[in-house]
Amino acid sequence: MPSEFAFPKDFLWGAGTSAHQVEGDNVHNDWWAWEQAGRVKEPSGLACDHYQRFESDFDLAASLGHNAHRFSIEWSRVEPSKGQWDEAALAHYVEVVRALRRRGLEPVVTLHHYTNPQWVAEAGGWANAKVVDWFARYTERIVKTLGDLVRWWITINEPMVYVHMHYVEGEGPPGARDMRQALRVTEHLIRAHAVSYRILHDAGPMQVSIAKYLPVFIPCRRWWPLDRWAASLTDRLFNEGFLEALTAGQWRVPGVRQTTIREARATLDFLGVNFYRRHFIRWGPAPRQWLGSSCDLGHHARDVTEITPMGWDVHPDSFFHTLTRGARLGLPIFITENGTCLTDDERRWQYLLRHLEAMTRAMEAGVKVIGYLYWSLLDNFEWAKGFGPRFGLIEVDYATQQRRIRESARRYAQVCRRNTLSIAPPRAAG
Ligand code: FCB
């Protein structure tokens with residue numbers, strides 16, 4: 001017999017997006033410039049035209065039983081050139097938040113989701129220490145505009161992924177592959193987060209965090225000590241150290257100053273967790289990777305049962321592991337992203353269901369989870385991979401901008417509405 005798991009009464013259910021991936025025509029940011037320079041498969045263009053269509057998109061989210069929604073503010077729209085604030089863009093985001101509230105959707109606002117105004121990029125981007133002041137000013141402006149209407153804030157989306165993708169792998173602007181710069185950028189992201197955290201708190205009773213990408217790192221060859229060493233060092237750098245900086249104010253990493261780390265102490269009110277998959281790490285000379293290089297899933301990991309079109313494995317037990325581990329920080333956990341681009345919609349639903357089950361197992365084991373936001377509400381622009389991967393609960397036809405609700409979205413809607421999950425009994429071994 002399946003059992004029913006009842007979620008806490010005020011549990012937040014919904015989905016997320018980010019500005020550049022859905023809004024369209026974000027002409028003043030560095031990703032746009034990067035796309036126009038032909039550095040990616042296809043440009044973001046009009047994307048989902050969500051900047052114009054947010055009202056009807058939120059109608060769909062509300063019709064799917066959601067009571068929360070995460071989106072990001074596009075810094076380059078509100079400050080298209082240094083110190084020049086675009087009042088119409090600010091008013092737009094006020095309207096976005098009001099539109100959510102009118103539909104009973106709690107807004108969860110991200111201040112930085114990978115993109116920067118082009119003027120910031122031209123001035124050296126996140127490698128320039130001044131970015132901390134610029135980001136602080138931007139936060140002040142946003143909090144002045146939206147502070148009365150928003151309680152949940154994510155300062156920076158996946159800081160370490162941002163560093164890795166833009167300064168180690170060079171997959172996004174400025175396309176750097178430079179470890180020293182990467183560490184400098186890490187330092188500035190930590191400072192910017194800490195400053196922004198304080199500004200938000202000075203404005204009212206806010207709940208502030210980052211969205212931390214928290215994958216599980218597995219040695220490619222589990223028996224090989226050097227792979228094990230590389231996996232655990234990557235984990236230390238990418239996951240644990242970073243979180244220790246923002247909680248205990250402790251982390252020793254070359255290139256990041258101790259004053260920065262100390263100032264970041266206690267700057268998370270909850271832990272925002274983004275979870276998708278495992279990473280398989282192999283030791284080896286890999287100058288562009290953090291430490292080890294990743295390996296071919298098929299060859300090295302015998303327990304990989306499913307691989308998405310992005311080459312990501314599916315492993316809900318690792319989600320359970322991530323949650324129980326994250327809980328050790330003593331903060332409530334908010335799942336700010338979890339989702340898949342599996343093309344078969346039944347597989348998408350299975351992914352979602354298995355991850356929800358893993359989450360409820362973690363909750364039964366005492367982990368305090370306060371919300372779950374699927375990535376993403378809509379199919380969207382998946383950065384360097386273009387429009388190929390489809391993560392949406394809602395399918396988007398990019399030629400006509402028509403939306404179609406997927407079956408997986410309807411099944412997820414039942415969970416959101418009932419605020420319960422029927423859990424299948426564990427399968428018998430053998
Ligand atoms: C996360 C990003 C998000 C999206 C998903 C698939 O790492 O935060 O923008 O690209 O991956």
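**Close-up views of a predicted model**

View 1. Around the ligand you will find Gln21, His113, Tyr114, Asn157, Glu158, Tyr276, Glu337, Trp375, Glu382, Trp383 and Phe391, where a residue counts as near a molecule or strand if one of its heavy atoms lies within 4 Å of it. This is a predicted model, so local features need pLDDT of at least 70 and side-chain atom pairs count only at pLDDT 80 or more, while totals for chains, interfaces and linings use all residues. Residues are numbered from 1 along each chain as its sequence is written, and side-chain values use heavy atoms, with hydrogens and water left out. The shell comprises five nonpolar, three polar and three charged residues; Ala, Val, Leu, Ile, Met, Phe, Trp, Tyr, Cys and Pro count as nonpolar, Asp, Glu, Lys and Arg as charged, and the others, Gly among them, as polar.

**View 2. Polar side chains at the ligand.** Look here for oxygen atoms of the ligand: one is 2.8 Å from an N or O atom in the side chain of His113. A polar side-chain atom of Glu382 also lies 2.8 Å from a ligand oxygen, and for Trp383 the distance is 3.2 Å. On its own the ligand has 290 Å² of accessible area, and the protein covers 95% of that (Shrake-Rupley method, 1.4 Å probe; for residues, only the protein chains shown count as cover).

View 3. Thr336 sits in strand S11, residues 333-337; helices (H or I, at least four residues) and strands (E, at least two) are DSSP runs, numbered from the N terminus. Thr336 counts as buried because its relative accessibility is 0% (buried is under 20% relative accessible area, exposed over 50%, partly exposed in between; 1.4 Å probe, protein chains only). Its side chain makes a polar contact of 2.7 Å with the side chain of Asn274. Such a contact is a pair of N or O atoms within 3.5 Å; within protein, one must be able to donate a hydrogen and the other to accept it, and residues adjacent in sequence count only if both atoms are side-chain atoms. Beyond neighbours within four places in sequence, Thr336 is in contact (heavy atoms within 4.5 Å) with residues including Arg70, Ile154, Ala211 and Leu373.

View 4. Asp235 and Arg325 form a salt bridge, with the closest N and O atoms 2.6 Å apart. The pair links distant parts of the chain, 90 residues apart: Asp235 belongs to helix H10 (residues 225-247) and Arg325 to helix H13 (residues 316-326). Both Asp235 and Arg325 are buried. A salt bridge here is a side-chain nitrogen of Lys or Arg within 4 Å of a carboxyl oxygen of Asp or Glu, and the count comes to 26.

**View 5. Glu95 with Arg102.** The side chains of Glu95 and Arg102 meet in a salt bridge (3.3 Å, N to O). Glu95 is partly exposed, with a relative accessible area of 28%, whereas Arg102 counts as exposed at 52%.

**View 6. Helix H8 under cover.** Helix H8 (residues 159-168) is mostly covered, with 10 of its 10 residues buried. Among them are Pro159, Tyr162, His164 and Val168. The cover over these buried residues includes helix H2 (30-36), strand S4 (106-112), strand S5 (152-157), helix H9 (179-202), strand S6 (207-213) and H10. Just after H8, Gly170 adopts a positive phi of about 70°.
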